[in-house]
Amino acid sequence: MAHAVVVGAGIGGLTAALALARKGWSVTVLEQAASIEPVGAGLAVAPNALRALDVIGAGDDVRKLSAIQGQSGIRVPDGRWLSRTTAEDATARYGDPIVLLTRSALVGILAGRLPRGALRVNTRVASVDPATGRVTVPGAETIQADLVVAADGIRSRIRSALFPGHPAPVYAGVTSWRAIVPLPGVTGASETWGHGLVFGVMPLAGGQVYCYATAAVPAGLRAADERDELLRLFGRWHDPIPALLDAADPAAVLRHDIHCLDAPPPAFHTGRVALLGDAAHPMTPNLGQGACQAMEDAVVLADRVSPQGDLAAGLAAYSRERLARTTPIVRRSRAIGRLTRWRDPLAVALRDGAMRAAGRLGPNVAIRQFDKVFDWRP
């Protein structure tokens, strides 16, 4: 049986392993961490990603966790809406909701479907030979693979080895905070834009809320107490933001600088190795598509590379399709991120005025901007 080795047990890697196993591949997943406890708090699974999950039989389990109801959209710090729609409008337009859930919940759904014995933790990949598919791990052990899937994240060592002259990811100009807060009764999702500041409120199942924030500051800054820093920046913004920050556990607030890859590598494959997810196209979170595009990558890759077929032709097709699909999404997300960094009062007033004017054209104007992203089907 043809053997695929997946490097990295994140959302993209797990989805790829399941999709490949369904196509008849023997699969091994190598994860350098001691467990697959995910880094991060929450994520959005958009309609395009739900369709990808349907391919591996996991879509309905994710749909059950949908918790968004009522109005959603973009606001300003005093609570007024710049643009808005409803969860019901989005579902009607795309045939599926946007499901917000914890990363741990999604990883659990995916990992629970892996073939017995497929996952190896505490296993760091030392090198991959793209010509032969030979994977070297500590102790000089080698694993022979017909296909290697590099799902090893934004700092992918495999991408760097395949394309050594390609620029590395760069700081996107904002730092980010994330936390999951218990606060029942929050229903609508919103993202609030200020002067170089953003705060997102996303309800989860079980009376929890996923909160995220960004600030346009130099890279590398840290506060002694990140919850206090959030209160300083956002504590006077509209409800329920102050209540969420009051209820947040200071120890549970995560902070990371955001990086992205402005120019894609020339291909998403070399030899027997395919790049996937953040290893291929790390993007800013402004469209909520990082994990979604990784799941798309996974099912497209599995569909193009048959265990009995022409691997080179299949990988070339995967690379062409996914470069064409993801490159404009990466650029669009980066452009929106630049808008959120604006601090100049006049520029912010013009930005907000344009968004407010577009919002007056109807409740579907905002959501129609996502048609090219959400309408994707496997």
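Colleague: Let's start with the helices. Is the crossing where α2 passes α9 left-handed or right-handed?
Modeller: α2 passes α9 in a left-handed crossing. Bear in mind that this is a predicted model.

Colleague: How do the axes of α2 and α9 sit?
Modeller: The axis of helix α2 (residues 47–55) and that of α9 come within 9 Å. They cross at roughly 35 degrees.

Colleague: Which residues make the contact?
Modeller: From α2, N48, A49, A52, L53 and V55. From α9, C292, Q293, M295, E296 and V299.

Colleague: What else touches N48, Q293 and E296?
Modeller: R325 does. That residue is found in helix α10 (residues 311–340). R325 also touches K372, V373 and W376, leaving aside residues up to four places away in sequence.

Colleague: Is R325 buried or exposed?
Modeller: R325 counts as buried, because its relative accessibility is 14%, and the cut-off for buried is under 20%.

Colleague: On to the nonpolar core. Which residues touch the most other members of the largest one?
Modeller: V45 and L106. That core has 94 residues. Helix α9 (residues 290–304) gives the most to this core, with nine residues.

Colleague: What does L106 touch?
Modeller: I11, L43, V45, L53, V62, L101 and M295. Residues up to four places away in sequence are not counted there.

Colleague: How many residues are in the second core?
Modeller: 20 residues, in a separate core. Among them are W177, A215, L245 and A248.

Colleague: Where does W177 stand?
Modeller: W177 stands opposite A213 in β15. W177 also stands opposite R255 in β16. The strand to look at here is β12 (residues 170–182).

Colleague: How many bridges join β12 to β15?
Modeller: Eight bridges join β12 to β15 (residues 208–215), and the two run antiparallel. P182 stands opposite Q208 in β15. β12 and β16 also pair in the antiparallel sense, over six bridges.

Colleague: What is the order of the strands in that open sheet of seven?
Modeller: β5-β4-β13-β14-β15-β12-β16. The pairing is mixed.

Colleague: Why is one side of β5 and of β16 left without a neighbour?
Modeller: β5 (81–86) and β16 (254–260) stand at the edges of the sheet. Each has a single partner strand, so one side of each has no neighbour in the sheet.

Colleague: What does the twist average?
Modeller: 20 degrees from one strand to the next.

Colleague: And the open sheet of six strands, what order does that one have?
Modeller: β7-β2-β1-β11-β18-β17, again with mixed pairing. The edge strands are β7 (119–120) and β17 (269–270), and each pairs on one side only.

Colleague: Do β11 and β18 run parallel or antiparallel?
Modeller: Parallel. Three bridges join β11 (residues 147–150) to β18 (residues 273–275). V148 stands opposite V273 in β18.

Colleague: Which helix packs on the sheet and touches β1, β2 and β11?
Modeller: Helix α1 (residues 11–22). The strands β1 (3–7) and β2 (26–30) are both touched by α1, and so is β11. The direction of α1 makes about 170 degrees with that of β2.

Colleague: How far is the sulfur of C292 from the one in C260?
Modeller: 17 Å, which is too far for a bond. A disulfide would need the sulfur atoms within 2.5 Å.

Colleague: Is C260 buried or exposed?
Modeller: C260 is buried, with a relative accessible area of 2%. C292 counts as buried too, at 1% relative accessibility.

Colleague: What about the phi of N122?
Modeller: N122 has a positive phi of about 55 degrees, although it is not a glycine.

Colleague: Why remark on either one?
Modeller: Because most residues other than glycine have a negative phi, and most peptide bonds are trans.

Colleague: Where is the place of N122?
Modeller: In the loop between β7 and β8 (127–129). N122 counts as exposed, at 57% relative accessibility.

Key
Residues are numbered from 1 along each chain as its sequence is written. This is a predicted model: local features need pLDDT of at least 70, side-chain atom pairs count only at pLDDT 80 or more; totals for chains, interfaces and linings use all residues. Side-chain values use heavy atoms; hydrogens and water are left out. Two strands pair if DSSP finds at least two bridges between them. Helices (H or I, at least four residues) and strands (E, at least two) are DSSP runs, numbered from the N terminus. Axes are lines fitted to C-alpha atoms, for helices over the stretch in contact, and angles run from 0 to 180 degrees between N-to-C directions. A nonpolar core is a set of buried Ala, Val, Leu, Ile, Met, Phe, Trp, Tyr and Cys residues joined through side-chain atoms within 4.5 Å. Buried means under 20% relative accessible area, exposed over 50%, partly exposed in between (1.4 Å probe, protein chains only). Contact means heavy atoms within 4.5 Å. A crossing is left-handed if the near helix is turned anticlockwise from the far one by less than a right angle, and right-handed if clockwise.
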